Amino acid sequence: MDVIVAGDRAELDVARTELGVGRLALVPTMGALHEGHRSLIRLAGEHADQVAVSIFVNPLQFAPNEDFSRYPRTFMDDLEVCQEEGVRLVFAPSADYMYRPDRQVSVSAGEMGAIVEGAFRPGHFDGVLTVVLKLFNLVRPDVAVFGRKDAQQLALIRRMAADLDLPVEILGAPTVREPDGLALSSRNRYLSAADRATALSLSTALNEGSSRATPPEVRQAAREVLDAAAHADPPLLLDYLALVEPATFTEIPDGHVGDAVLAVAARVGTTRLIDNVVVTFG
Ligand code: AMP
C-alpha cells in the first residue's frame, strides 16, 4: 500500500479517515532515516495497527550556532524507507506551517531541561517538547516511539506526558549501533574516516565504564578512554560525561543501587555526537 503524505492538519484529517479506525503509532524524526529509525518503525508496528512517521527538521531545537542549515535533508530517500517499512502515513509539514509568525506559547522543559545535555544546548529541550506536543496534537497517535539514544529527550517526553496528562503512550526503543559500536546518527555522514575513528571512543568509553562495579569506577574507566581520545588526531572535544538517574538526569550518589544512565557528548571536528548506556548497580 502506498504511503500517504500529509503537510497540514486538513491533509492529516483526510489521511486519518482513509486509514480507518485502529491504534495509530507515531515515530517522530528529523529525516535522513537510517537503521535506528527503521527499528523504531518496526517497534511501533508491534504496538499499533498503523504507523505514521513525521519528518520535520525542527528549527526551534537548534541554537543559532548549531547545524540547522546543514542538517541532512533526504526526503525522497526517506519516503522510500517508509514505504519499505510499511509506514502508512508520513507527516512532513513546512516550518512556516508549524510556526506561525505570531505564535506566543511554547512548552518549558523546566529545570530538567537545563541540566546535562540542556546545559550545553540552552533552549534545546523546550524546542523538542514544543514540537513533540504539536506533532501529538496534529497526528493524534495512541502511542509514540522514541529512541533511547536520546535518553534525556525520552525522559523529558515521558515527564511531559505525565505532567500534562497527554493521552499517548510513550515507548523507548534500544539504540542501534554499527558493528564496531558507533551509535547510528544522521550526523555520522559528516564524519571523515579519521573523525570516525575518534568518534568511536564515545561507545568505547561507555563500554569500558559499564563493565565496572561501582559509580566511581564507572566514571573513571570511561573518563580514561575519553582523555586518551582528547589527544587523538582529530581530537575528541568532550562536552560532558555524566552518570545520572534515568528518570531525572540528576547525578547519582556513589552508593547508588539500581539503574543509572552513563551519558556522553563530544565534538569531533564540527560534528557533535551523543551516546549513552544503562548501567545497573547492586
Ligand atoms: P532524529 O531524526 O535524530 O531526531 O531521531 C528520531 C528518533 O530516532 C529519536 O527518537 C531518536 O532517539 C531515534 N534514534 C536516532 N538514532 C537512533 C539509534 N541509533 N538507535 C535508535 N534510535 C535512534
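Trainee: Where in the chain is V116 found?

Mentor: In this model, which is a predicted one, V116 is found in the loop between α4 (95-98) and α5 (117-120).

Trainee: Why is V116 called buried?

Mentor: The relative accessibility of V116 is 15%. Buried means under 20%, and therefore V116 counts as buried.

Trainee: What makes the backbone of V116 worth a remark?

Mentor: V116 has a positive phi of about 50° although it is not a glycine. Most residues other than glycine have a negative phi. R140 also has a positive value in a residue other than glycine, with phi near 55°. R140 is found in the loop between α6 (124-139) and β5 (143-147).

Trainee: Is R140 to be called buried, partly exposed or exposed, and why?

Mentor: The relative accessible area of R140 is 41%.

Trainee: Why is strand β2 said to be largely enclosed by the rest of the structure?

Mentor: β2 spans residues 24-29, and six of its six residues are buried, so the strand is described as largely enclosed.

Trainee: Which residues of β2 point which way?

Mentor: L24, L26 and P28 point one way, whereas A25, V27 and T29 point the other way, and all are buried. In a regular strand, side chains alternate between the two faces of the sheet.

Trainee: By what path does the chain cross from β2 to β3, and with which handedness?

Mentor: The path goes through helix α2 (residues 35-46), and this β-α-β crossover is right-handed. L43 is placed in α2. Not counting residues up to four places away in sequence, L43 touches V145, G172 and A173.

Trainee: Which residues of helix α1 are buried?

Mentor: In α1 (residues 9-19), the buried residues are L12, A15 and L19. They cover an arc of only 65° around the axis, which puts them on the same side of α1. An α-helix has 3.6 residues a turn, so residues three or four places apart point the same way. On the other side of α1, A10, V14 and T17 are exposed.

Trainee: What covers the buried residues of α1?

Mentor: The cover includes β1 (4-6), β2, β3, β4 (89-91) and α6.

Trainee: What is found at the start of α1, and what follows the helix?

Mentor: At the start, a side-chain oxygen of D8 reaches to within 3.2 Å of the backbone nitrogen of A10. After α1 comes G20, whose phi is positive, near 80°.

Trainee: What makes the pair N58 and Y99 a polar contact?

Mentor: Their side chains are 2.6 Å apart in this contact. The limit for a pair of N or O atoms is 3.5 Å, and the value of 2.6 Å falls within that limit. N58 lies in the loop between β3 and α3 (75-84). With 1% relative accessibility, N58 counts as buried.

Trainee: Why is A32 called buried, and what does it touch?

Mentor: A32 has a relative accessible area of 1%; buried means under 20%, so A32 is buried. A32 is in the loop between β2 and α2. Leaving out residues up to four places away in sequence, A32 touches H37, P72, T74, D78, S186 and R189.

Trainee: Which domains does the protein have, and how many residues of each take part in their contact?

Mentor: The domain assignment gives domain 1 (4-173) and domain 2 (186-276). The contact takes 22 residues from domain 1 and 20 residues from domain 2. Taken over C-alpha atoms, the centres of the two domains are separated by 26 Å.

Terms used. Residues are numbered from 1 along each chain as its sequence is written. This is a predicted model: local features need pLDDT of at least 70, side-chain atom pairs count only at pLDDT 80 or more; totals for chains, interfaces and linings use all residues. Side-chain values use heavy atoms; hydrogens and water are left out. Buried means under 20% relative accessible area, exposed over 50%, partly exposed in between (1.4 Å probe, protein chains only). Helices (H or I, at least four residues) and strands (E, at least two) are DSSP runs, numbered from the N terminus. A crossover is right-handed if, with the strands pointing away from the viewer, the path from the first strand over the helix to the second runs clockwise. Two strands pair if DSSP finds at least two bridges between them. The arc is that of the directions from the helix axis to the C-beta atoms. Contact means heavy atoms within 4.5 Å. A polar contact is a pair of N or O atoms within 3.5 Å; within protein, one must be able to donate a hydrogen and the other to accept it, and residues adjacent in sequence count only if both atoms are side-chain atoms. Domain bounds come from an automatic or database domain assignment.
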